[in-house]
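Dear colleague,

I am passing on the structure below, together with some notes on its strands and pockets. Please read them alongside the coordinates.

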Amino acid sequence: MKAIAKQIIFTTILTLCAPVTAGAQSVVKELKENVNRAAGMFYARPIIEHHKVTPTPKGKKPFYINNYCCPASYYLDKVEYYKDTYDTFAKADSLGKLTTLGKDVFHRIGLLCREVNNRGGEITPKGAMQSRGLMKQMLMRVPGMLSHDTYYSVHSVVENHCIMTMQEGLLQLSSMLQPITARSRASDKGIRYMAPHDEELAAQATDSLTMARYNRFAALNTNDGRLMRSLFNDMNYVVTNIDEALLARQLFILAGNYQHTDLAGQVTLWDIFTPEEIHQHWRKQNAWHYINYGGCTLNGGYQAYTRRAVLRNMMHMGDSIINHKTPLMHLRYTYENVVMSLACLMELDGVGIHTANLDSLEDYGWANYRIAPLGGAITMVHYRSEIGDPDVLVKVLFNGHEAKLPIETDCFPYYHWQEVKRYYLRKLYRYENKRLNNKISSR
């Protein structure tokens with residue numbers, strides 16, 4: 001036991017001291033290739049046609065798809081990001097406090113505000129096309145599921161951009177197959193497995209220790225002075241009238257939002273930031289998402305378990321439809337953070353990492369734009385030879401590519417359903433048991 005303990009301590013030390021090398025270079029390279037990735041969870045997942053698709057296992061055919069989707073590209077529902085930023089520049093302009101660049105940025109923000117006016121929270125025209133394209137792509141990668149025998153159960157959380165994404169997906173389905181047998185709804189009836197919440201875990205997410213560590217990390221990745229000097233001609237005015245960190249963050253968020261609008265390719269805000277500043281803003285955002293939705297050990301490492309009911313429902317549905325006579329698709333449209341937590345809980349492609357070192361995230365490849373971008377999805381596909389097949393196989397498409405699960409298999413990317421179910425249910429049981437024991441011991 002002592003040897004094991006020493007090994008655990010040694011491994012933890014290595015984790016905490018891991019240098020940010022290859023992973024960081026990869027992120028820097030990816031942001032350079034496409035700066036829109038810096039938007040993180042607000043990056044628009046592209047429709048990629050060249051993803052590897054492994055042939056269906058011999059003698060098997062797909063009969064069930066369980067799909068959890070993020071909303072497609074949408075206008076920010078927090079309209080204050082648009083309005084407050086515009087008002088800040090309007091006031092400064094009226095007092096003659098803007099530089100030439102500041103006046104130009106004010107004009108660009110005005111163009112964005114005019115497009116967004118009264119449309120906060122709606123998916124954009126680009127989002128509508130994205131939703132349709134991704135639905136078509138998924139069905140093309142699982143040949144055999146698009147048929148008159150398939151039943152489509154489509155459900156969205158009660159959120160405008162999620163509902164609109166669902167509607168566009170259904171329109172794509174109906175354009176590919178007529179007639180279809182489907183039922184759609186948007187209600188809170190299934191919220192327990194669509195977007196569950198856990199008050200206890202939520203209270204732990206940003207405790208004092210975690211916030212102290214995050215604030216230190218954020219401070220080391222903040223340098224807004226250069227940006228402010230480029231936009232305003234009076235730094236005394238900036239000091240007395242402007243929250244520099246807030247305004248820089250607002251401008252960064254708006255910069256990422258242009259990609260979803262009709263202004264994309266014509267207007268940008270990325271150019272007002274240096275590459276280093278873009279990377280720093282992204283790092284702060286990425287770390288915040290990891291703390292709240294991933295396996296960050298600063299707050300216990302269990303935030304992803306907030307969505308444990310989603311995973312349990314996936315296992316339950318997978319078992320309940322084994323002998324279903326006709327193909328079935330469950331299409332679930334939910335929030336980005338639900339998909340992010342679910343990916344971490346399922347440990348897809350290693351994103352379930354646990355560390356207290358926020359500097360190490362890039363080294364481990366934990367990047368929010370790879371995990372839950374707009375249009376992102378976790379798709380579990382079930383295969384069988386016939387009704388009653390004792391060896392059902394599954395594979396998971398993670399944002400379109402074939403994902404690696406934390407389970408041994410002799411037929412990657414396919415996994416034996418019984419082993420998948422056993423692994424995840426045991427994982428959930430261990431957590432519930434630990435939580436119960438902690439409550440008993442604290443009495």
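Strand S1 (residues 61–69) and strand S5 run antiparallel and are joined by 8 bridges, and within this pairing Asn-67 stands opposite Thr-379 of S5. Please keep in mind throughout that this is a predicted model. S5 is also joined to strand S6 (residues 393–398), again in an antiparallel arrangement, through 6 bridges, with Tyr-383 having Leu-393 in S6 as its bridge partner.

Strand S5 itself spans residues 377–384 and is mostly covered, with 8 of its 8 residues buried. In a regular strand the side chains alternate between the two faces of the sheet. In S5, Ala-377, Thr-379, Val-381 and Tyr-383 point one way, while Ile-378, Met-380, His-382 and Arg-384 point the other way, and all are buried.

By class, the lining of the largest pocket comprises 17 nonpolar, 9 polar and 9 charged residues.

The second largest pocket has a volume of about 410 Å³, and of the 17 residues that line it, Tyr-369, Arg-370, Ile-371, Asn-399 and His-401 lie nearest its centre. Helix H16 (residues 368–371) gives the most to this lining, with 3 residues, and the lining as a whole divides into 8 nonpolar, 4 polar and 5 charged residues.

Best regards

Note on methods. Residues are numbered from 1 along each chain as its sequence is written. This is a predicted model: local features need pLDDT of at least 70, side-chain atom pairs count only at pLDDT 80 or more; totals for chains, interfaces and linings use all residues. Side-chain values use heavy atoms; hydrogens and water are left out. Ala, Val, Leu, Ile, Met, Phe, Trp, Tyr, Cys and Pro count as nonpolar, Asp, Glu, Lys and Arg as charged, and the others, Gly among them, as polar. On a 1 Å grid over the protein atoms alone, a cavity is a set of points where a 1.4 Å probe fits but cannot get out, and a pocket is an open set with protein on both sides within 12 Å along at least five of seven lines; lining residues have an atom within 4 Å of a point. Grid points are joined across faces, edges and corners, and a volume is the space filled by probe spheres set on the points. Helices (H or I, at least four residues) and strands (E, at least two) are DSSP runs, numbered from the N terminus. Buried means under 20% relative accessible area, exposed over 50%, partly exposed in between (1.4 Å probe, protein chains only). Two strands pair if DSSP finds at least two bridges between them.
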